[in-house]
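The points may be checked one by one against the display.

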Amino acid sequence: MQYWLFKSEPDTWSWDQQVAKGEEGEEWHGVRNYQARNNMRAMKIGDRGFFYHSNIGKAVVGVVEVCALSHPDSTTDDPRWDCVDIKAVEPLKRPVTLDEIKADPRLAEMVLVKNSRLSVQPVTEAEWKLIRELGGL
DNA sequence: GCCAACGTTGGC
DNA sequence: GCCAACGTTGGC
């Protein structure tokens, strides 16, 4: 089991919209970055991830699960771009903001801090547990 | 809305 | 294969 973090601008696709999709889940399309795509290709069914709101809110707001392996992105004919499907599992009891993450030395090595532009990123088990705790889970 | 950081593209 | 130009992301 590996852990990940998915970034989305809530204006484009929010946690609420993800929750509304329920068990069906949603294709994480639109990624046009090789590193992010490679991360999705490495995902397995049942892997867990954080759902992060960028720009507005700037916080981890929920937990998602990978429910379909990497497949061609339906929004493009370009064969380079693949994506997985994810479904909402549970919200954090309280969002963990970027400010909090940056303020915690234990999270200083997070990709979110180190490479803030990568939209799909790996999360270590230690980071996973800590953010869940900070989020009241 | 600005701009720094970063990734991608394309000419050479 | 290098690198300048350009586009995009995302924090502020």
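1. S54 counts as buried because its relative accessibility is 15%, and the cut-off for buried is under 20%. This value comes from a predicted model. S54 lies in the loop that runs between β3 (48–53) and β4 (59–72). Beyond its neighbours within four places in sequence, S54 is in contact with K7, S8, E9 and P10.

2. Helix α2 spans residues 34–41, and its buried residues are A36, R37, N39 and M40. These residues lie on the same side of α2, because the arc they cover around the axis is only 155°. In general, an α-helix has 3.6 residues a turn, so residues three or four places apart point the same way.

3. Which strands do the buried residues of α2 pack against? They pack against β1, β4, β5 and β6. At the start of α2, the backbone nitrogen of Q35 has a side-chain oxygen of N33 within 3.0 Å.

4. Helix α5 comprises residues 125–134, with E127, W128, L130 and I131 as its buried residues. The elements against which these buried residues pack are the strands β1 (3–8), β3, β4, β5 (82–97) and β6 (120–123), together with helix α3 (98–103).

Notes
Residues are numbered from 1 along each chain as its sequence is written. Chains are lettered from A and ligands numbered from 1 in the order in which they are written. This is a predicted model: local features need pLDDT of at least 70, side-chain atom pairs count only at pLDDT 80 or more; totals for chains, interfaces and linings use all residues. Side-chain values use heavy atoms; hydrogens and water are left out. Helices (H or I, at least four residues) and strands (E, at least two) are DSSP runs, numbered from the N terminus. Buried means under 20% relative accessible area, exposed over 50%, partly exposed in between (1.4 Å probe, protein chains only). Contact means heavy atoms within 4.5 Å. The arc is that of the directions from the helix axis to the C-beta atoms. A polar contact is a pair of N or O atoms within 3.5 Å; within protein, one must be able to donate a hydrogen and the other to accept it, and residues adjacent in sequence count only if both atoms are side-chain atoms.
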